[in-house]
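Hi,

Here is the model I said I would pass on. Have a look, and my notes follow below.

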Amino acid sequence: MKIPFLGGRSEKPGTRDPEGIAELLSECELLRSHASRSGVQLDDTAASLEALDQLVPGWRDDEEILLWLGNDAGLYLGTVIVRTVPGAAWDLRADGQPVIRLESGREFDVVAAGHEWAGSGVPELSQLYAEVAEE
């Protein structure tokens, strides 16, 4: 990740570091921890999204965990998309919300999708991935 105050900066102010953003957004520590405790290995593949869809949603009774897990689920979905769908990339909207931008120009709000999944299980993460991957 590029750290501007360390010197050697040749970019204009405000220039984004796509690799650094992708690395930061892919952490999803709460989701990874939750999945690991349930025996699910998150390896940034579409198959891992299917495994997440099968988890028993015990988190729905805790509003705080639900909020954070929803964020992480969305960011993980975005990570899988960026790593497996050609031309997909992270972008930040003007309001700071991370979104996936497809080669076609379509924008996909993965965080909102993650919140829907964490709250109700619908739509499934693997289904969302399939829809994005088809484009």
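This is a predicted model: local features need pLDDT of at least 70, side-chain atom pairs count only at pLDDT 80 or more; totals for chains, interfaces and linings use all residues.

Residues are numbered from 1 along each chain as its sequence is written, and side-chain values use heavy atoms, leaving out hydrogens and water.

Overall, there are six helices and three strands (DSSP runs numbered from the N terminus: H or I of at least four residues for helices, E of at least two for strands). Their order along the sequence is α-α-α-α-β-β-β-α-α.

Ile81 turns up again in the largest nonpolar core, which has 34 residues; Leu52, Leu77 and Ile81 have the most contacts inside it. (Such a core is a set of buried Ala, Val, Leu, Ile, Met, Phe, Trp, Tyr and Cys residues joined through side-chain atoms within 4.5 Å; buried is under 20% relative accessible area, with a 1.4 Å probe and protein chains only.) H4 (63-84) supplies at least two residues of this core, as do H1, H2, H3, H5 and H6.

On the strand side, E1 (residues 89-92) and E2 (residues 98-101) run antiparallel, joined by four bridges (pairing takes at least two DSSP bridges). Asp91 has Val99 as its bridge partner in E2. The hairpin leaves five residues between the strands, and Gly96 in the turn has a positive phi of about 90°.

Cheers

How values were computed
Buried means under 20% relative accessible area, exposed over 50%, partly exposed in between (1.4 Å probe, protein chains only).
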